[in-house]
Amino acid sequence: MLTKIDKAVSKIEDIFSVVLFLAMVLITCWSVLCRYVLKVAFLQGEEISRYLMIYVVYLGTSVAVKTKQHIGVDVFVEMLPAKLKSNVKIFTEILCAAIFVLLFVLSIQMIGQQISTHQMTTTTQIPMYVVSLCIPIGLLFGIIHYITGISGMILDKMSGKGEQA
């Protein structure tokens with residue numbers, strides 16, 4: 001069940017990352033074309049590109065969780081005996097997941113504030129909460145990946161595979 005959810009989330013991440021990145025590139029190219037060739041200002045282009053980049057970054061954060069490509073210093077963990085190493089890795093993943101949960105809750109509160117204060121973006125007048133929605137979405141996807149990864153690590157440890165790593 002968790003694996004199916006994880007695969008569905010991964011597919012969503014892949015599709016949205018590509019679409020958003022392509023949109024960002026196209027809008028940036030259009031902005032450059034408007035400014036230097038057509039001699040017309042496309043003021044919204046820079047702002048839209050910036051917000052698309054923010055979406056790509058937060059989706060990329062959850063992809064990094066899935067592929068275990070997030071930043072970390074594992075020099076000391078690699079020196080540990082296999083049994084202790086797997087315990088430390090599981091603990092680290094649980095700690096990271098807990099941080100993601102905390103940030104998820106705080107991001108939901110922030111969006112609630114933005115909705116209640118009716119904040120809008122400067123040029124495009126998009127509601128700010130629409131821009132900020134990428135934060136809890138990326139964190140939620142990351143939490144799903146963490147839960148799947150942690151459960152897999154625990155199952156591997158229980159079956160004896162975790163101590164071979």
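**Close-ups of a predicted model**

**View 1. Helices α2 and α6 side by side.** In this predicted model, α2 (residues 43-66) and α6 (residues 134-159) pack at about 10° with axes 8 Å apart (axes are lines fitted to C-alpha atoms, for helices over the stretch in contact, and angles run from 0 to 180 degrees between N-to-C directions). That makes the two helices roughly parallel, therefore (the label for angles under 35 degrees). Helices here are DSSP runs of H or I, at least four residues, numbered from the N terminus.

**View 2. Who touches whom between α2 and α6.** On the α2 side, the contact (heavy atoms within 4.5 Å) uses Ile-54, Tyr-55, Tyr-58, Leu-59, Ser-62, Val-65 and Lys-66. From α6 come Cys-134, Ile-135, Gly-138, Phe-141, Gly-142, His-145 and Tyr-146. Sorted by class, that's nine nonpolar, four polar and one charged residues (Ala, Val, Leu, Ile, Met, Phe, Trp, Tyr, Cys and Pro are nonpolar; Asp, Glu, Lys and Arg charged; the others, Gly among them, polar).

View 3. Mean pLDDT (confidence in each residue, from 0 to 100) is 92 for the chain, with 97% of residues at 70 or more.

**Reading the views.** Residues are numbered from 1 along each chain as its sequence is written, and side-chain values use heavy atoms, leaving out hydrogens and water. Local features need pLDDT of at least 70 and side-chain atom pairs 80 or more, whereas totals for chains, interfaces and linings use all residues.

Notes: pLDDT is the predictor's confidence in each residue, from 0 to 100. Angles under 35 degrees count as roughly parallel, over 145 as roughly antiparallel, 65 to 115 as roughly perpendicular and the rest as oblique.
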